[in-house]
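This report describes one protein chain in plain terms. It begins with the whole chain and then turns to two residues.

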Amino acid sequence: MNTVTVPAGSKKPFRLPYWLREFALIRNAVVTFGCTLVIATAAVFASRWHLHDALDRQAAAQLARDTALQRYQLVETEKLEIRSYQPQFAALRDRGLIGEENRLEWVEAIRQIQQQRKLLPISYEIAPQQPVRLEAAIDLGQYQLRGSRMNLHMDLLHEGDLFSFFGDLKERSFYTVQDCKIKRAASGVTAPLAPTLTADCTLNWLTLALAAKPQSTTPRSAQP
């Protein structure tokens, strides 16, 4: 057996640790484990990303569903309200409250009441229509409350004629009495149909009409 003699004073040769000397035996396994670890980590991150994305899409779908359900319930509520208030709306429209004012109908109503009640001559004057400002705010939607002032003069045989006239007029249209002054007639005539009283009243005829849309203030381009 040959022996190697190491000269005195020389250093011992450097030897690698055993786990490095034998790494070649497990190199393939380590590489495989590293690749598997990388793939598994990527798969975990990808699955978590898909999970959060799915949760976000589920939340968005739930919100869209809830919004659609609220709109559906609102539409159903509006349908019920329309069915409930449609007869009242039609009645108010037929009596002239809703829609554009119709002064010819007012004049005709006064004429018919005068003939039916056999009242003395009635004179009146109607001012231009104006928007009505209410003390308390009321949500009228797309409608606006408007009023036309009428100065009414009546010759009366007695006070009952005035009350009967207002009662019949109320059944045909909507109005408010702003003021009314009654005084004795100064004619001095004692005939059976001579007026004994005169009444000067101010009425406000009311209508609910669609509010005018505000006009655009955008300046138009100059025409050549």
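## Overall layout

Helices (H or I, at least four residues) and strands (E, at least two) are DSSP runs, numbered from the N terminus. The protein chain has four helices and five strands, and from the N terminus on these elements run α-α-α-β-β-β-α-β-β.

This is a predicted model, in which local features need pLDDT of at least 70, side-chain atom pairs count only at pLDDT 80 or more, and totals for chains, interfaces and linings use all residues. Residues are numbered from 1 along each chain as its sequence is written, and side-chain values use heavy atoms, with hydrogens and water left out.

## Surface and contacts

Of the 224 residues in the protein chain, 17% are buried; buried means under 20% relative accessible area, exposed over 50%, and partly exposed in between (1.4 Å probe, protein chains only). A contact means heavy atoms within 4.5 Å. Among contacts between residues at least 6 apart in sequence, 71% join residues at least 24 apart.

## Met154

Met154 is part of strand E3, which covers residues 143–156. Its relative accessible area is 1%, so Met154 is buried. Leaving aside residues up to four places away in sequence, Met154 touches several residues, including Leu119, Pro121, Phe165 and Leu197. The C-alpha atom of Met154 is separated by 9.4 Å from that of Ile182, 28 residues apart along the chain.

## Ser173

Where is Ser173? Ser173 sits in the loop between helix H4 (159–170) and strand E4 (175–184). Ser173 counts as buried because its relative accessibility is 6%. Not counting residues up to four places away in sequence, Ser173 touches Arg95, Trp106 and Trp205.
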